[in-house]
Every structure is written in structure tokens, then in C-alpha cells.
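Thanks for coming, everyone. Please have the viewer open while I talk.

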Amino acid sequence: MTGQPPRRAAELLGQARRVVVFTGAGMSAESGVPTFRDALTGLWQRYDAQALATPEAFRADPALVWGWYEWRRHAVRLAHPNAGHRAVAAIQHRAPGTVLITQNVDDLHERAGSPDPVHLHGSLFAPRCASCARPAPVSDDAEGEPVDGRRVPPPRCAHCAAPVRPGVVWFGEALPGAALEAAVEAASSCDLLLTVGTSGLVYPAAEIPQVAARLGAAVVQVNPEETPLDGIAEVNLRGPAARVLPALVDAVWGGADG
Ligand code: BJW
Ligand code: ZN
């Protein structure tokens with residue numbers, strides 16, 4: 001896809017009665033938030049997922065893991081939503097009832113004006129007690145800028161004194177039940193699912209577009225690269241989200257801002 005989005009994608013979006021937007025890390029790439037698996041810039045190229053994004057890693061070295069997430073949270077705070085996030089919010093405005101399901105742990109959809117995204121993999125901004133699961137306050141970055149690689153001992157739970165953990169879903173952990181249920185329900189009853197910036201490699205999240213396709217919804221994919229979801233997508237828009245999505249919104253409603 002180069003200039004205008006293909007007419008078929010605009011037709012599908014314009015005619016859909018129930019839309020689901022399903023996003024992954026590529027959605028925030030143009031805000032400067034790294035993806036996980038991109039060849040040169042992905043987090044898993046530079047960091048060992050097993051040593052940082054598993055419950056075993058947190059048990060073995062809580063300060064390493066907490067410090068890494070403090071650093072990432074700080075980086076997200078400095079980032080801004082991009083034109084793709086704003087286009088998603090515009091879709092929700094123009095097509096009321098659109099459900100936004102994100103795998104992202106940043107808050108850029110919310111800051112772009114999307115109300116209540118379904119966060120399948122949790123949030124950098126919702127730490128909780130590793131033992132009693134009570135929510136814990138997000139620490140104030142003014143206490144000192146987190147640095148890549150700095151070990152930071154996690155705070156202690158005010159209720160039971162166990163370590164506080166990041167509120168994200170690590171490998172081997174169940175997804176939050178209510179979020180997964182809401183996502184499956186939305187995917188099962190939509191007639192268009194727009195998948196944006198995900199490699200479609202991580203399960204069970206990757207099943208969401210597959211559920212929609214299986215039950216007869218059209219799938220439109222926005223991604224500069226091929227993914228395993230290409231086969232189920234009726235339209236593959238090969239380009240970056242911050243360029244393709246505003247063009248798509250413009251093609252349907254004549255402007256991304258309203
Ligand atoms: C652009 C762009 C631009 C670039 N515009 N696009 C079946 C087979 C094998 C293994 C499994 C299986 N089922 C489950 C598993 C295990 C595992 C899994 O899926 N592993 C696979 C990797 C093989 N899944 C789990 O462990 C899950 N839990 C589970 O299964 O529990 C079972 C259970 C049940 C009951 C009780 C107990 C257990 C949990 C998965 C949690 C994933 N967590 C992470 C980290 C979150 C915290 C953190 O941020 O640190 O979530 S991993 C990481 O991957 C993160 C993401 O949300 C997730 C998906 O990544 P995403 O968003 O697709 O990013 P990328 O980088 O992969 O792709 C970016 C895409 O953007 C690319 O395609 C680019 O081309 C594109 N792009 N620029 C548009 N400008
Ligand atoms: Zn506790």
C-alpha cells in the first residue's frame with residue numbers, strides 16, 4: 001500500500017456495523033516505543049525475555065525486573081500518541097460501539113482519546129502486589145530518572161509487605177479473565193476486525209482475529225511486514241499505522257479528527 005488505502009478496506013470500514021480494532025506494538029512504534037520482535041529495534045533483540053518477562057525471572061531477581069519496567073514506564077511517559085492512535089480514536093467516534101482491544105501495555109490509546117481499551121496484556125501503569133494482588137501506587141518518576149539496566153528493588157505492598165510487581169502479563173501467565181472474555185465476545189460478534197501492528201505470534205491474543213475470521217467477519221490488516229495473519233485478511237495494507245490509518249479514516253469519513 002502506498003498512497004490511498006485500497007477502496008475495499010474503506011468500503012468494509014464504512015459499511016461495518018460492529019467494528020473491532022486489535023492492536024499490537026507496531027501501533028506505538030512511530031511514537032518511539034520499541035516493538036518486541038522487529039529485526040533491528042525489537043526489545044527481544046536486546047533483552048532476554050526469559051530473564052525479564054516471566055514470573056520465574058521476577059522471583060529470581062526482582063530488582064532487575066522492576067528496574068527494567070521502571071525504565072520502560074518512564075520511556076512511555078515521555079512518548080506521545082501518534083496519528084495512528086488518533087485515527088483509531090476517530091474510528092471509535094465515527095463508528096460508535098467499536099471495541100478497541102490492545103496487547104500494548106502503554107497508555108497511548110487512552111491519551112489519544114480512546115475510552116476504555118481492553119488491555120489483554122495488562123498495563124505498565126497498574127502495578128500490584130505479587131502476593132495479595134492489591135493495586136499499588138505507581139511510583140513518581142520525579143524520584144530519579146530510571147536508567148536502562150539499573151536494578152531497582154520493587155516497593156513493598158502496603159497491606160502485606162510482599163514485593164509489588166508490574167501489572168503486565170508475562171509468558172506462562174493467564175491473561176486477565178475479564179479482558180479475554182470481552183475480547184472474545186467482541187471478536188465473535190463483529191463484522192469487521194482491523195488488526196494493526198501485531199506479529200500475531202503470541203497466544204492466546206493471536207486467536208482474536210482468527211475467531212473473528214472464523215465467524216465470518218472481514219479482517220483488514222495494517223502492517224508494513226508479512227505476518228501469519230496475512231492469510232485470513234481480506235485486505236493487507238502494507239504500511240506504517242501512523243500513515244495508513246489516517247488515510248483510511250480520511251477515505252471513509254473525510255478527515256481523521258472528528
Ligand atoms: C508496525 C509498525 C508500524 C512495526 N505500523 N505496524 C502456542 C504455541 C507456543 C507457545 C504458546 C502457545 N500458546 C501459548 C503459548 C505461550 C506464550 C506464547 O504465545 N508464546 C509465543 C511467543 C510462542 N503465551 C503465553 O505465555 C501467554 N499466556 C498463556 O498462554 O497462558 C496459559 C495459561 C493459562 C491458564 C493459566 C496459566 C497459564 C501470555 C503471553 C504474554 C505476552 N506478554 C508480552 C510481554 C508483556 C509485558 C511487557 O511488555 O514486557 O506481551 S510478550 C510481547 O508480545 C508483549 C506483546 O503484547 C506481545 C505481542 O507482541 P506484538 O504486539 O505482536 O509485537 P511484535 O513485536 O511481535 O510485532 C510488532 C509488529 O508490528 C510486527 O509485525 C511489525 O512488522 C509491526 N510494525 N512497525 C504498523 N509503524
Ligand atoms: Zn500484598
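I'll go through the pockets, the metal site and a few details of the backbone.

First, the ground rules. This is a predicted model, where local features need pLDDT of at least 70, side-chain atom pairs count only at pLDDT 80 or more, and totals for chains, interfaces and linings use all residues. Residues are numbered from 1 along each chain as its sequence is written, chains are lettered from A and ligands numbered from 1 in the order in which they are written, and side-chain values use heavy atoms, with hydrogens and water left out.

Start with the largest pocket. A pocket here is an open set of points on a 1 Å grid over the protein atoms alone, with protein on both sides within 12 Å along at least five of seven lines; a cavity is a set where a 1.4 Å probe fits but cannot get out; and lining residues have an atom within 4 Å of a point. Grid points are joined across faces, edges and corners, and volume is the space filled by probe spheres set on them.

The largest pocket has about 920 Å³ of volume. Its lining has 49 residues, and Ala 25, Thr 35, Phe 36, Arg 37 and Ser 199 lie nearest the centre. Sorted by class, that lining is 26 nonpolar, 15 polar and eight charged residues. For these classes, Ala, Val, Leu, Ile, Met, Phe, Trp, Tyr, Cys and Pro count as nonpolar, Asp, Glu, Lys and Arg as charged, and the others, Gly among them, as polar.

Where does the largest pocket lie? Between domain 1 (1-32 + 81-122 + 175-258) and domain 2 (34-78 + 128-165), because both give residues to its lining. Those bounds come from an automatic or database domain assignment. Helix 2 (26-29) and helix 6 (62-78) each supply at least two lining residues. Helices (H or I, at least four residues) and strands (E, at least two) are DSSP runs, numbered from the N terminus.

There is also one cavity of 30 Å³ or more. The largest cavity holds about 70 Å³. Residues lining it include Trp 66, Glu 70, Arg 73 and Ser 123.

Now the metal. Which atoms hold the zinc ion (ligand 2)? The protein donors are the SG atoms of Cys 129, Cys 132, Cys 157 and Cys 160, at 2.2 to 2.4 Å. Donors are N, O and S atoms within 2.8 Å of the metal (3.2 Å for Na, K and Ca); water is not among the atoms, so sites may look incomplete. Along the chain, the zinc donors are spaced C-x2-C-x24-C-x2-C. The angles among the four donor atoms run from 99 to 121°, and the site is tetrahedral, a label for four donors with all angles between 85 and 135 degrees.

Cys 129 is buried, at 2% relative accessibility. Cys 132 is partly exposed, at 27%. Buried means under 20% relative accessible area, exposed over 50%, and partly exposed in between (1.4 Å probe, protein chains only).

Last, the backbone. Ala 133 has a positive phi near 70° without being a glycine. Ala 133 sits in the loop between strand 4 (128-129) and strand 5 (164-165). Ala 161 also has a positive phi, about 70°, and is found in the loop between strand 4 and strand 5.

One cis bond to finish. The peptide bond from Tyr 203 to Pro 204 is cis, with omega near 5°. Pro 204 lies in the loop between strand 6 (192-196) and helix 10 (207-214).

Terms used: Four donors count as tetrahedral if all angles lie between 85 and 135 degrees; four count as square planar and six as octahedral if opposite donors are over 155 degrees apart and all others between 65 and 115; anything else is irregular.
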